[in-house]
Amino acid sequence: LHELSGSIAETLRERLKSWRTASLTGVFESTAVDTFVAFWDEMSPAFQDEHPGQFGVIAEKFAQIMQASLGYTLLEPHNFLEHPDGWIQIAEGRLTSGRVRRVLRPGLSDTAGKLRIPARVEVE
């Protein structure tokens, strides 16, 4: 991430720098989750445009950090109908087959299997 340029990379770097203070002040979990949501909802389209080859690498590292530090697992659904109500938000498309066309933001669940952040998807 240090070698990447652009405003989105800088915004992400600044958010990640805040994690140390958040950890020391007892708000690490909410800060990390807010950064995760911002990365996927606000930053990812522009980040993918600016750094298409690096986006997948950064997204994977982010998932590893969420798993290692909070025990959160990614929810990357393939079918809308296979998950409990509220676990998936439909961003685009009409639900006909239930098939997920694209995951716009993975969801997060904790070690107890409780939903933390719903996945946001396009469906068909």
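In the predicted model, helix H2 makes the greatest contribution to the lining of the largest pocket, supplying 5 residues. Helix H2 covers residues 28–50, and strand E3, covering 100–105, also provides at least two residues of this lining. The volume of the largest pocket is about 180 Å³. Its lining consists of Trp40, Ser44, Pro45, Gln48, Asp49, Glu92, Arg102, Val103, Leu104 and Arg120. Sorted by class, 4 of the lining residues are nonpolar, 2 are polar and 4 are charged.

Helix H3 was examined for its length and for the placement of its buried residues. The buried residues of H3 are Phe55, Ile58, Ala59, Phe62, Ala63 and Met66. Viewed down the helix axis, these buried residues fall within an arc of 140°, so they line one face of H3. Gly53 and Ala68, on the other side of H3, are exposed.

Ser69 also belongs to helix H3, which runs over residues 52–70. The relative accessible area of Ser69 is 38%; Ser69 is therefore classed as partly exposed, since this class lies between the limits of 20% for buried and 50% for exposed. A polar atom of the Ser69 side chain lies 2.6 Å from the backbone oxygen of Ile65. Ser69 and Thr111 are 42 residues apart along the chain, and their C-alpha atoms are separated by 12 Å.

How values were computed:
Residues numbered from 1 in each chain as written. Predicted model: local features only at pLDDT ≥ 70, side-chain atom pairs only at ≥ 80, totals over all residues. Heavy atoms only, no water. 1 Å grid on protein atoms, 1.4 Å probe; cavity = no way out; pocket = protein on both sides within 12 Å on 5 of 7 lines; lining within 4 Å. Points joined across faces, edges and corners; volume = space filled by probe spheres on them. Helix = DSSP H or I, 4+ residues; strand = E, 2+ residues; numbered from the N terminus. Nonpolar A, V, L, I, M, F, W, Y, C, P; charged D, E, K, R; others polar. Buried < 20%, exposed > 50% of the residue type's maximum accessible area, 1.4 Å probe, protein only. Polar contact = N/O pair within 3.5 Å; in protein donor to acceptor, adjacent residues only side chain to side chain. Arc of directions from axis to C-beta.
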